[in-house]
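I opened my notebook to get to know a new structure. Here is what I looked up, one entry at a time.

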Amino acid sequence: MATLVEKLDNITTHPDINIASQAAGTSPDTAKEALWAEYSSSKFQYLGYLIDASNELDLHIIIMAKPGRTVDVVKRYLMGKNFNQGPFPGGEHGDSPAVFSKEKVSFEVRSTTDERGMLASRPPFLIIALDSSFDVNLESVKKLRVAQGHSTLVPVVRLIIANTVEHVKACLPKCTELTRLRLTVQHTLACNDSAGELQDDALGVQENAEETLMYVMDNPATRTWKLPFMEALEIEGQGETPGSELDPMSSTNASRQKRWLVSLISLLLII
């Protein structure tokens with residue numbers, strides 16, 4: 001069941017991650033791979049709109065993803081978007097975050113499990129958590145968020161496809177691993193028919209990307225997050241108390257009704 005959950009989780013990021021015959025790097029045409037990624041995944045579609053909107057800006061963005069095939073897919077995607085891969089400052093070949101640049105815009109691709117605490121290649125404006133393997137409490141992540149030249153923490157946007165396994169996992173109460181697995185399977189199955197639907201106040205993928213970019217480029221001292229947060233699913237936790245890590249996902253106002261809440265792609269800003 002744990003393997004099944006992992007495969008379902010991978011599908012929310014990119015449908016080819018679980019397909020052995022589609023190993024990253026086997027196709028000579030990275031541009032076609034990038035088009036397929038945007039066609040088949042709302043997360044990569046979001047990245048595409050973000051790249052288009054940042055065309056003439058001077059900024060650095062870190063993308064953090066599950067190690068292995070997911071990281072490889074992100075790298076191939078950026079190459080397909082005509083970004084050039086350069087050396088990571090002070091890093092060893094093949095063992096460092098990958099840096100891709102085009103004019104003044106650059107992306108840095110990192111594994112979510114890399115705990116070495118390496119500084120970013122340049123001060124980041126934004127960290128994008130591509131999948132559920134991201135842990136904001138890792139010391140390496142905390143170090144990345146304290147960027148030179150910024151008086152506030154670097155914002156993190158987590159991309160979540162609603163009513164999928166990653167949405168369910170984000171809303172689980174604090175409980176044992178066995179209970180987490182049971183609840184994950186139970187509630188993922190329950191919301192299967194409504195996976196990916198829009199919640200009432202959600203914007204489209206392009207609007208999400210453009211609003212994110214406007215927030216990033218605004219004055220950190222006065223900017224406010226204008227996009228709606230992902231609404232919490234109603235999870236039966238058998239009386240167990242939710243942990244503090246779930247606070248950004250929780251809702252205490254009247255809009256939290258006992259129903260499945262939905263969104264095509266939701267953005268959670270971790271402050």
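My entries on a strand and on some salt bridges follow.

**Ground rules.** I am working with a predicted model, where local features need pLDDT of at least 70, side-chain atom pairs count only at pLDDT 80 or more, and totals for chains, interfaces and linings use all residues. Residues are numbered from 1 along each chain as its sequence is written, and side-chain values use heavy atoms, with hydrogens and water left out.

**Strand S6.** I looked up residues 156-160, strand S6, and found five of its five residues buried (under 20% relative accessible area; exposed is over 50%, partly exposed in between; 1.4 Å probe, protein chains only). Helices (H or I, at least four residues) and strands (E, at least two) are DSSP runs, numbered from the N terminus. Val156, Arg158 and Ile160 cover one side of S6, Val157 and Leu159 the other. S5 (residues 126-129) runs parallel to S6, joined by three bridges; DSSP must find at least two for strands to pair. Ile127 stands opposite Val156.

**Salt bridges.** How many salt bridges does the structure hold? I noted nine, each a side-chain nitrogen of Lys or Arg within 4 Å of a carboxyl oxygen of Asp or Glu.

One of them joins Asp9 and Lys169 at 3.8 Å, N to O. Asp9 sits in helix H1 (residues 2-13) and Lys169 in helix H6 (residues 165-170), 160 residues apart. Asp9 is buried at 3%, while Lys169 is partly exposed at 22%.

I also found Glu33 and Arg76 meeting at 2.6 Å, N to O. Glu33 belongs to helix H2 (residues 30-40) and Arg76 to helix H4 (residues 69-80).
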